[in-house]
Amino acid sequence: MVRGAKVRRLPAMDEMQRWWEQCHNTPDSYYISDYGGPSLWERMRISKILDRGAPVLEIGVGGGRDIRHLHERGLEVHVVDIIPTAFERIKGCFERVWLESELELLPDSYFGLAISHLVTQHIDNRTLTRQVSHVLRALRPEGVFAMQFADGLPPVTKEHYYESLGAKQVGDVLRTPQMMKELVRQCGGRIAWISKPEPYPDNDKQWFHVHIRRGRKRWWNALFPDRRP
Ligand SMILES: C[S@@+](CC[C@H](N)C(=O)[O-])C[C@H]1O[C@@H](n2cnc3c(N)ncnc32)[C@H](O)[C@@H]1O
């Protein structure tokens with residue numbers, strides 16, 4: 001190293017960032033799923049919203065399939081992930097990428113649609129509340145945040161809700177529709193549509209898809225007083 005040269009120190013990765021870094025660097029990692037494209041859009045009921053052509057925000061790269069499909073469709077795609085390594089899979093397929101730590105920098109009222117599939121069950125309530133709040137802020141007033149989340153089978157109870165490091169790593173942070181409804185409300189949003197539960201193959205979980213929209217103005221103003229919807 002040149003004497004006197006400044007070393008730019010990147011912030012140390014936290015445990016979840018280290019976990020995802022390891023997963024993204026492991027060939028065929030079980031945890032790097034790769035759902036995406038028209039079949040997923042039908043299940044999430046977003047095909048018609050995509051037809052409108054507005055910019056899309058995808059949360060969680062995984063194998064990158066969904067992002068590549070959105071890009072091939074000619075849409076302006078922005079992507080959020082927890083670590084930069086994830087973006088290497090989707091080179092040339094996005095307008096801009098954002099780290100999860102940069103959610104505050106997302107533009108106001110810009111996206112027509114945000115998509116999160118197989119991500120929320122890896123995230124604790126505090127992190128998810130921040131994420132949903134900023135994604136809703138970044139949506140156009142008529143925009144939709146299409147999100148998948150997981151519940152237990154039978155459903156988890158409030159007493160048995162847990163978000164340990166192990167649960168976050170394996171995707172076992174489970175929430176009932178009621179728990180999700182309360183979390184979304186705290187973020188200034190409302191659940192405008194919820195799917196029927198879908199059994200998850202091979203284990204004791206069920207999935208839901210929801211459309212989240214911005215909620216009533218007074219909630220919104222309380223959360224973002226200087227950023228009117
Ligand atoms: C299980 S993969 C899901 C991939 C894809 N969406 C799918 O449905 O197959 C989870 C992805 O979310 C990313 N991720 C994990 N925690 C995140 C967070 N807090 N914010 C944004 N992305 C996150 C991981 O790096 C990984 O790329």
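Helices (H or I, at least four residues) and strands (E, at least two) are DSSP runs, numbered from the N terminus. The model shown in every view is predicted.

**View 1. M44 in the loop between α2 and α3.** M44 is placed in the loop that lies between α2 (38–43) and α3 (47–51). With 23 other C-beta atoms within 10 Å, against the 20 or more needed, M44 counts as buried. When neighbours within four places in sequence are left aside, the contacts of M44 are A146 and H209. S195 is 151 residues away from M44 in sequence, yet the C-alpha to C-alpha distance between M44 and S195 is 8.2 Å.

**View 2. The largest nonpolar core.** This core holds 46 residues. L57, L113, A114, V135, F145 and A146 are those with the most contacts inside it. At least two core residues each are supplied by β1 (56–59), α4 (65–72), β2 (77–81), β4 (111–116), α5 (125–138), β5, α7 (177–186) and β8. The largest share, seven residues, comes from β5. A146, listed here among the residues with the most contacts inside the core, is also a contact of M44 in View 1.

**View 3. Contacts of L57.** L57 is one of the residues with the most contacts inside the largest nonpolar core. Leaving aside neighbours within four places in sequence, L57 touches H78, V80, F111, A114, V135 and A138 by the contact criterion. Of these, A114 and V135 are likewise listed among the core residues with the most contacts.

**View 4. Strand β8 and its pairing with β5.** Strand β5 (residues 139–152) pairs with strand β8 (residues 205–214) in the antiparallel sense, and eight bridges link the two. Within this pairing, F149 stands opposite F208 in β8.

**View 5. Strand β8 with β6 and β7.** Strand β6 (residues 189–194) is joined to β8 over five bridges, again antiparallel. G189 has R214 in β8 as its bridge partner. Strand β7 (residues 198–199) also runs antiparallel to β8, and two bridges join them. Here E198 stands opposite W207 in β8.

**View 6. Residues around the ligand.** The shell around the ligand is made up of 22 residues, of which S33, Y35, G60, G62 and H117 come nearest. By class, the shell divides into 13 nonpolar, six polar and three charged residues.

Methods:
Residues numbered from 1 in each chain as written. Predicted model: local features only at pLDDT ≥ 70, side-chain atom pairs only at ≥ 80, totals over all residues. Near = placed C-beta within 6 Å. Nonpolar A, V, L, I, M, F, W, Y, C, P; charged D, E, K, R; others polar. Pairing = 2+ DSSP bridges. Core = buried A, V, L, I, M, F, W, Y, C linked by C-beta atoms within 7 Å. Buried ≥ 20, exposed ≤ 12 C-beta atoms within 10 Å, placed from the backbone. Contact = placed C-beta atoms within 7 Å.
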